[in-house]
Amino acid sequence: MKHEKDLSLSLYYDFYGSFLTEKQAKIFALYYDDDYSLAEIAQEFGISRQGVLDTLKRAQAKLMDMEEKLGLVEKQLSGEK
């Protein structure tokens with residue numbers, strides 16, 4: 001089963017990326033911004049593809065949690081001030 005990228009997460013990253021650990025942020029940026037594969041990131045960090053996927057899932061959960069708590073992306077998209 002192919003892992004599909006949710007590109008809306010890139011917008012959450014723009015707002016909340018500073019809440020991620022350094023490793024989560026680097027892996028997230030490589031995957032979403034630089035379009036690295038899971039295997040390429042795994043090789044870069046010396047971890048398994050599953051380790052990369054787990055890190056991405058934790059980062060995604062953190063970004064979505066921050067949006068749920070703060071709602072900055074929704075406010076920006078709706079034009080709210």
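How far apart are the end C-alpha atoms over residues 49–76, and how much of that stretch is helix or strand? Over residues 49–76 the end C-alpha atoms are 34 Å apart, and the chain is 96% helix and 0% strand. Helices here are DSSP runs of H or I with at least four residues, strands are runs of E with at least two, and both are numbered from the N terminus. An unreviewed UniProt entry annotates residues 49–76 as "coiled-coil region". UniProt positions are given in the numbering used here, feature names are shortened, and annotations may be inferred rather than shown by experiment.

A word on the model, everyone. It is a predicted one, where local features need pLDDT of at least 70 and side-chain atom pairs count only at pLDDT 80 or more, while totals for chains, interfaces and linings use all residues. Residues are numbered from 1 along each chain as its sequence is written, and side-chain values use heavy atoms, with hydrogens and water left out.

Let's go to the aromatics. The structure holds five aromatic pairs. Rings of Phe, Tyr and Trp (its six-membered ring) pair if their centres lie within 6.5 Å; planes under 30 degrees apart are stacked, over 60 edge-to-face, and the rest tilted. Tyrosine 13 and phenylalanine 28 are stacked, with 4.7 Å centre to centre and 20 degrees between the planes. That pair links distant parts of the chain, since tyrosine 13 is in helix α1 and phenylalanine 28 is in helix α2 (residues 22–33), 15 residues apart. Tyrosine 31 and tyrosine 32 pair edge-to-face, at 5.0 Å centre to centre and 85 degrees between the planes. Tyr13, Phe28, Tyr31 and Tyr32 form one aromatic cluster.

Are these residues buried or exposed? Tyrosine 13 and phenylalanine 28 are buried, and so are tyrosine 31 and tyrosine 32. Buried means under 20% relative accessible area, exposed over 50%, and partly exposed in between (1.4 Å probe, protein chains only).

Serine 10, also placed in helix α1, counts as buried because its relative accessibility is 17%. Leaving aside neighbours within four places in sequence, serine 10 is in contact with Phe28, Tyr32 and Asp33, where contact means heavy atoms within 4.5 Å.

Now for the charges. A search of the whole structure finds two salt bridges, each being a side-chain nitrogen of Lys or Arg within 4 Å of a carboxyl oxygen of Asp or Glu. Glutamate 22 bridges to lysine 26, with the closest N and O atoms 3.0 Å apart. These two are four residues apart in helix α2, so about one helical turn separates them. Glutamate 22 is exposed at 58% relative accessibility, and lysine 26 is partly exposed at 44%.

The other bridge joins the side chains of aspartate 65 and lysine 69 (3.2 Å, N to O). Again, they are four residues apart, this time in helix α4 (residues 49–70), so about one helical turn lies between them. Aspartate 65 is partly exposed at 27%, whereas lysine 69 is exposed at 59%.

Last stop, the surface. Leu11, Phe15, Phe19, Leu70, Leu72 and Leu77 make a nonpolar patch of about 520 Å². The elements giving two or more residues to that patch are α1 (8–16) and α5 (72–78). Patch residues have over 30% relative accessible area and no salt bridge; nonpolar side chains (Val, Leu, Ile, Met, Phe, Trp, Tyr) are joined within 5 Å, and like charges within 9 Å. Accessible areas come from the Shrake-Rupley method with a 1.4 Å probe, and for residues only the protein chains shown count as cover. Leucine 77, in helix α5, is exposed because its relative accessible area is 65%. Thanks, all!
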